[in-house]
Amino acid sequence: MPVKILSVDDEMDLELLLTQYFRRKIRKGEYEFVFAHNGLEALTMMVKHPDIEIILSDINMPEMDGLTLLAKINEMRNPALKVIMVSAYGDMGNIRQAMNNGAFDFATKPIDLDDLSVTIEKAIEQINYVHKSQKEHTQLESLKGDLAIAREIQQAILPQVFPPFPDIADQLDIAALMSPAKDVGGDFYDFFRIDDQRIGFVIADVSGKGIPAAIFMAVSRTLIRATGIRGGSPAECITYSNQLLAEDSVDCMFVTVFYGILNMKTGDVTYCNAGHNPPYVKKRNGQVIQLPLSQDPMAGAIAGIDFHEVQFHLDHGDTLVLYTDGVTEAMNKSFEEFGEQRLENVLKGELQDCQQIIETVKTQVEVFVDGAEQSDDITLLTLRIQ
């Protein structure tokens with residue numbers, strides 16, 4: 001598209017002068033000139049040609065002078081519209097006022113057309129930069145809108161209703177939280193009924209941040225749930241999920257996973273820990289015990305691995321607390337981490353139910369970081385046999 005230039009001058013011979021000098025650019029479709037003879041005509045022409053991008057305006061004109069026209073153009077607040085003022089050489093007072101009022105540049109009469117050509121090219125460079133910035137801003141606003149929707153979708157795929165199993169709410173207490181560091185996160189939690197006696201539960205942390213992690217999170221969560229709900233053992237579930245994730249992994253992404261199955265009747269928990277933080281068990285007597293460190297690697301990193309499972313027992317009143325490293329590695333402004341010891345101290349306090357445990361941990365982390373920017377997703381999952 002040609003750059004459309006509006007020349008505003010009451011001297012009729014300027015029209016011929018400009019069209020003659022810029023005839024090659026006009027023929028090539030690079031420039032297109034339109035003309036007006038005072039400020040009022042210029043405003044009318046701008047309505048007729050809203051794609052005008054450069055205005056060459058004389059200062060001294062009848063009906064509406066160039067300074068008044070410049071003020072009207074400023075009211076349009078169009079950063080891509082550049083005004084070059086033209087006046088007599090001795091009229092430096094008006095030229096200075098025009099520059100102070102936002103004119104892009106100026107030219108003096110008699111016009112040096114070679115110099116004017118350079119000035120127009122400079123204006124075009126600025127206009128192109130503005131258009132590029134506006135396009136990027138529009139894309140950014142669109143991306144922000146998409147991210148907001150993605151955040152809602154991501155939160156929607158995680159269980160949000162508590163208690164999740166009303167028919168056994170008197171037997172099992174469950175609460176969970178996922179707070180992403182960015183618009184979308186790579187952490188997730190999940191739980192589901194396998195049969196009348198067994199509950200599957202999972203917490204996981206995908207490598208990386210932002211959109212790639214969120215996509216990998218959605219795939220991992222769906223795969224583990226679809227596999228786990230069939231009722232196979234945790235080791236079988238993670239071994240199968242790892243194989244599929246590793247085969248299709250992009251940029252060497254992986255996920256740390258703790259997947260367990262609770263037998264409601266016996267209180268036994270069988271779990272597979274694929275490189276995830278070891279959870280805590282808060283005993284009904286107040287004692288806090290950390291489960292052993294994982295001996296298996298994260299899922300999705302290496303294909304062909306057989307994962308292992310471990311079993312422990314939950315008594316009535318015991319609470320299992322699972323978390324991602326966004327909790328223990330939360331940093332304050334002095335770059336100190338919240339750490340496992342502070343988490344253990346919180347868990348040793350008088351905490352009534354699973355939701356209170358989550359709210360207390362989250363509050364203590366917020367107090368500790370004291371306004372420092374959240375650098376990682378924070379996710380917690382707690383369950384207790386009543």
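Helices (H or I, at least four residues) and strands (E, at least two) are DSSP runs, numbered from the N terminus. This is a predicted model, in which local features need pLDDT of at least 70, side-chain atom pairs count only at pLDDT 80 or more, and totals for chains, interfaces and linings use all residues. Residues are numbered from 1 along each chain as its sequence is written, and side-chain values use heavy atoms, with hydrogens and water left out.

**View A. Ala 103 sits in the loop between α5 (92–100) and β5 (105–109).** Ala 103 has 8% relative accessibility and so counts as buried. Here buried means under 20% relative accessible area, exposed means over 50%, and partly exposed lies in between (1.4 Å probe, protein chains only). Leaving aside residues up to four places away in sequence, Ala 103 touches Leu 70, Val 83, Met 85 and Ala 98. Contact means heavy atoms within 4.5 Å. Lys 333 is 230 residues from Ala 103 along the chain, and their C-alpha atoms are separated by 46 Å.

**View B. Val 250 belongs to the loop between α8 (234–247) and β9 (255–263).** Val 250 counts as exposed because its relative accessibility is 53%. Gly 300 lies 50 residues away along the chain, with 9.9 Å between the two C-alpha atoms.

**View C. Five strands form an open sheet in the order β6-β15-β14-β11-β12.** The pairing is antiparallel. Its edge strands, β6 (172–179) and β12 (288–290), each pair on one side only. Two strands pair if DSSP finds at least two bridges between them. On average, neighbouring strands are turned by 15° against each other, direction ignored. Three bridges link β11 (residues 280–282) to β14 (residues 319–323) in the antiparallel sense. Opposite Lys 282 stands Thr 319 in β14. Helix α11 (residues 354–369) lies across β6, β14 and β15 (378–385), and runs at about 150° to β15. Axes are lines fitted to C-alpha atoms, for helices over the stretch in contact, and angles run from 0 to 180 degrees between N-to-C directions.

**View D. Lys 4 and Asp 51 join their side chains in a salt bridge (3.3 Å, N to O).** Lys 4 lies in strand β1 (residues 3–8) and Asp 51 in the loop between α3 (39–48) and β3 (52–58), so the pair ties together parts 47 residues apart in sequence. Lys 4 is buried at 8% relative accessible area, whereas Asp 51 is partly exposed at 39%. A salt bridge is a side-chain nitrogen of Lys or Arg within 4 Å of a carboxyl oxygen of Asp or Glu. The structure holds 14 of them.

**View E. A salt bridge links Lys 362 and Glu 366 (2.6 Å, N to O).** These residues are separated by about one helical turn, because they are four residues apart in helix α11. Lys 362 is partly exposed at 29%. Glu 366, at 44%, is also partly exposed. Elsewhere, salt bridges that share partners join Asp 9, Glu 11, Asp 58 and Lys 109 into one network.

**View F. Leu 140, Leu 143, Ile 211, Ile 215 and Val 219 make a nonpolar surface patch of about 430 Å².** Patches are made of residues with over 30% relative accessible area and no salt bridge; like charges are joined within 9 Å, nonpolar side chains (Val, Leu, Ile, Met, Phe, Trp, Tyr) within 5 Å. Accessible areas come from the Shrake-Rupley method with a 1.4 Å probe; for residues, only the protein chains shown count as cover. Helices α6 (113–157) and α7 (210–228) each supply at least two residues. The largest share, three residues, comes from α7. Leu 140 lies in helix α6 and, at 45% relative accessibility, counts as partly exposed.
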